[in-house]
Amino acid sequence: MADGSASASRIPAAGLSRRALLTASAAALPLLVTACRGIQVLGTPPPPPADVRTLQAAIAAEEAMVARYASALKLLTLAASTRYSAAAAGIAAYASARAVHAEHVAHLAQLKSRLVEPPGARPSAHLPPTYPTATPGATTQSPSANSTPASSPTSSPTSSPTSAPGSAATGAPSARGVLGELELAEQAASDRLIAELGGLPPSLAQLFASIAASEATHVEYLRAARRGR
Amino acid sequence: MTSASGQDTGSQQVLAALQAALAAEQAASYGYGVVGARLPQGSAKQGTATADWVTHLRAADKLTVMISARGGKPVPAAVAYQLPEPVQTATEATALAALLEDRVAQAYLGIVALPESGLRSFGAQQVRAAALRAAAWRGSTQAFPGLPTASLRTAGSRPPDAPANAAP
């Protein structure tokens, strides 16, 4: 202790106490580390440009649409597996929805190819919260729907063609209801893409317009399938 | 200093895109004349062809006005056009109608590429309308109406104007 006091008393000759030196070193360490890691750690990175956010939102919406179709296809499988007269409509509806689903997968691939993500980025981390998530509308699959679709060969279909998917009366989904919901989603998606064209780079605007046109044709295609034409 | 020449360039781009759309509409109008002649007389399809023909005539008129309003001189329609394939049957006529609509959609995508938001929206609406007519004639849909296959990219390739939040 006495030696320490003595040495401490000699340090002022150098201009700084030992305690001050230690404190200064500890304070400087984070700055040195920061300098080594670059300027990024000094603040949050800037938000992505507007066109990037628009593209990310379109990707999220297209992912939701693909998920919506995947869910609808499961419901339509149920509809097609019934022994009712609605089975034929279910099979036709399934084929129509599957064809459109494939086009949405292609849309998603093209949209994703236009976005360059930084390494290690989490795509879902910067998606706008206002976009729909991958919930296939109100079509929820009841547990009973997984059971034998037609328990009795003599039973008659009780769900009306225009009833909502997942009819409570039978537990089986209505093919027309499923297609009707897809039509609404397609029309909304088409309109949204056209509304977002402003400010996009030319080639991306063309892709958006083309996908919007494709989705508009899906509306008519699904409508024709729903009406059995 | 560059604004005047930039405006000129922009105006030229707009006029070029509008002229291309006009040319596509004029060709479609001619083509629908052939389509209608090869479809059964009085059939529903012939009625649709007639309605679509009128639609393209009106669209050409609208584009003519738009070009004139921007100081351009609308290029008149040709007397006749070379058909991509001989059209003798109703099936071939239907295929031609779908092809005409594909080309119209492609031409309007040129307007979508312009920076002016009003024109962009107009072009997109016309692409959508053409795609709907094409799908009706074809009986099936397309994933990318109006977009040439060459313009579609595989994952990993990046177009020059692709938005990116990081360098590749």
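Seven residues, A:Leu76, A:Ala93, A:Phe208, A:Ala209, B:Tyr108, B:Val112 and B:Val127, touch the most other members of the largest nonpolar core, which has 81 residues. Such a core is a set of buried Ala, Val, Leu, Ile, Met, Phe, Trp, Tyr and Cys residues joined through C-beta atoms within 7 Å. Welcome to a predicted model, in which local features need pLDDT of at least 70, side-chain atom pairs count only at pLDDT 80 or more, and totals for chains, interfaces and linings use all residues. Residues are numbered from 1 along each chain as its sequence is written, while chains are lettered from A and ligands numbered from 1 in the order in which they are written.

- Two or more residues each come from helix 3, helix 4, helix 5 and helix 6 of chain A, and from helix 1, helix 2, helix 3 (90-112) and helix 4 (117-138) of chain B. Helices here are DSSP runs (H or I, at least four residues), and strands are runs of E with at least two, numbered from the N terminus.
- Leaving aside neighbours within four places in sequence, A:Ala209 is in contact with A:Ile194 and A:Leu197, and also with B:Leu109, B:Val112, B:Gly123, B:Ala124 and B:Val127. Contact means that two C-beta atoms, placed from the backbone, lie within 7 Å.

**Where the chains meet**
- In all, 39 residues of chain A are in contact with 35 residues of chain B.
- On the side of chain A that touches chain B, helix 6 of chain A gives the most, with 16 residues.
- By class, that side of chain A has 22 nonpolar, 11 polar and six charged residues. Nonpolar covers Ala, Val, Leu, Ile, Met, Phe, Trp, Tyr, Cys and Pro, charged covers Asp, Glu, Lys and Arg, and polar covers the others, Gly among them.

**Chain B at a glance**
- Chain B has four helices and zero strands.
- Of the 168 residues in chain B, 36% are buried. A residue is buried if 20 or more other C-beta atoms, placed from the backbone, lie within 10 Å of its own, exposed if 12 or fewer, and partly exposed in between.
- Helix 2 of chain B has B:Ala49, B:Asp52, B:His56, B:Ala59, B:Ala60 and B:Leu63 as its buried residues.

- Look for B:Leu39 in the loop between helix 1 (3-38) and helix 2 (44-69) of chain B.
- B:Leu39 is buried because 21 other C-beta atoms lie within 10 Å.
- B:Leu39 and B:Thr91 are 52 residues apart in sequence, yet 8.4 Å apart in space, C-alpha to C-alpha.
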